[in-house]
Amino acid sequence: MSAEHIKLPGLVDPHVHLREPGATHKENFETGTMAAIAGGFTTILDMPNNPEPTTSPQALQRKIVLAGNRIYCDVGFHLGATAEGVEYFEQVKDQVFGLKIYMNHTTGTLLMEDENELNRVFSRWPGVRPIIIHAEGKTLATAIMLSRLNNKKLHVAHVATEEDIKMVREAKEEGLPVSCEVTPHHLFLTETDVQTLGPFGIIKPSLKTEKDRRALWENLDLGVIDMIATDHAPHTKEEKLSENPPFGVPGLETALPLLLTAVAEGKLTLDQIVKLTSTNPRKIFGIGN
Ligand SMILES: [Zn+2]
């Protein structure tokens, strides 16, 4: 490719773990939003699974106050779903960009497994903005079923396998209000990379097979995948090198260089980057509305 100027809109990352409050030795609102700007992101949406989870109006307010004048890009928040939290939904629905439900084990204490409780959460969410789920395999099928049953917008976080992307594709073909994202690490790495990455390759969902990775690229081309989200989840080096390395890797500063490399290699177009990292996330999460 010849040297030319590339103009991109400010990128949007709807899946970021900023670590404040409760784990500021890993990152805080200042360092996280600086990383975002350095990586080309001007809007990020912060996940709720902090040590003090964002599951109530009080916890949400605390984050808004903490972020205050310490952020370098636009920051929005997601609410974390709990069985007890449904009573707050009406009150906070206009202050958040989505409701996150953890249906598979990951970092934090927000796991929800009881199908009746899940159905209550789906039915009570006011529904202008999407329900975001961490769900893999069988639990993804349950989430799609609950979305169909309650006619609620569903956004599937970090789809990683051929099986899961097929479920999302079929849900879309059925006409359900379903969208999804993939992470750069699932697009560019596989389980064999864990051998060289060691604990730095420990993430949720885990790195998958080459066949899974290829299925993600195919569905990117088919337009089944709506956006690329980093799932930025930094830890300290000591933590990652410990006996029990926590899940997650940072992504805000590496996503765009990886995507531009893919453009240079003819695997992606600039138009796709704009759609996947700006147009679609703005539309799906109602950013700027
Ligand atoms: Zn995440």
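What share of the contacts in the chain with a separation of 6 or more comes from residues 24 or more positions apart? The figure is 73%, where a contact means heavy atoms within 4.5 Å. The model behind this figure is predicted, so to speak a computed one: local features need pLDDT of at least 70, side-chain atom pairs count only at pLDDT 80 or more, and totals for chains, interfaces and linings use all residues. Residues are numbered from 1 along each chain as its sequence is written, and side-chain values use heavy atoms, with hydrogens and water left out.

The chain holds twelve helices and nine strands, taken as DSSP runs numbered from the N terminus (helices: H or I, at least four residues; strands: E, at least two). With a radius of gyration of 18 Å, close to the 19 Å that the globule rule gives for 289 residues, the chain is as compact as a globular protein of that length. Here the radius is taken over C-alpha atoms, and the rule is 2.2 Å times the number of residues to the power 0.38. The C-alpha trace spans about 55 × 45 × 45 Å along its principal axes. Of the 289 residues, 54% are buried (under 20% relative accessible area; exposed is over 50%, and partly exposed is in between, with a 1.4 Å probe and protein chains only). The accessible surface comes to about 13,100 Å², and carbon and sulfur atoms hold 51% of that; areas come from the Shrake-Rupley method with a 1.4 Å probe, and for residues only the protein chains shown count as cover.

On a 1 Å grid over the protein atoms alone, a cavity is a set of points where a 1.4 Å probe fits but cannot get out, while a pocket is an open set with protein on both sides within 12 Å along at least five of seven lines; lining residues have an atom within 4 Å of a point. Grid points are joined across faces, edges and corners, and a volume is the space filled by probe spheres set on the points. The whole structure has two cavities of 30 Å³ or more. The largest cavity takes up about 160 Å³, and among its 18 lining residues His17, Thr106, Lys204, Asp231 and Ala233 lie nearest the centre. The second largest cavity has about 30 Å³ of space, with His186, Lys208 and Arg213 among the residues that line it. As for the largest pocket, its volume is about 160 Å³, and 14 residues line it, with Arg19, Asn49, Asn50, Pro51 and Thr107 nearest its centre.

A few spots in the backbone stand out. Most residues other than glycine have a negative phi, and most peptide bonds are trans. Lys204, from the lining of the largest cavity, is joined to Pro205 by a cis peptide bond with omega near -15°; Pro205 sits in the loop between α8 (194-197) and α9 (210-221). Another cis bond links Glu20 and Pro21, with omega about 5°. Asp231, also in that cavity lining, has a positive phi near 55° and is buried at 9% relative accessibility. Asn151 has a positive phi too, of about 50°, but at 61% relative accessibility it counts as exposed.

Finally, Gly251 belongs to the loop between α10 (237-240) and α11 (255-264) and is buried, at 8% relative accessible area. Beyond its neighbours within four places in sequence, Gly251 touches Thr230 and His232.
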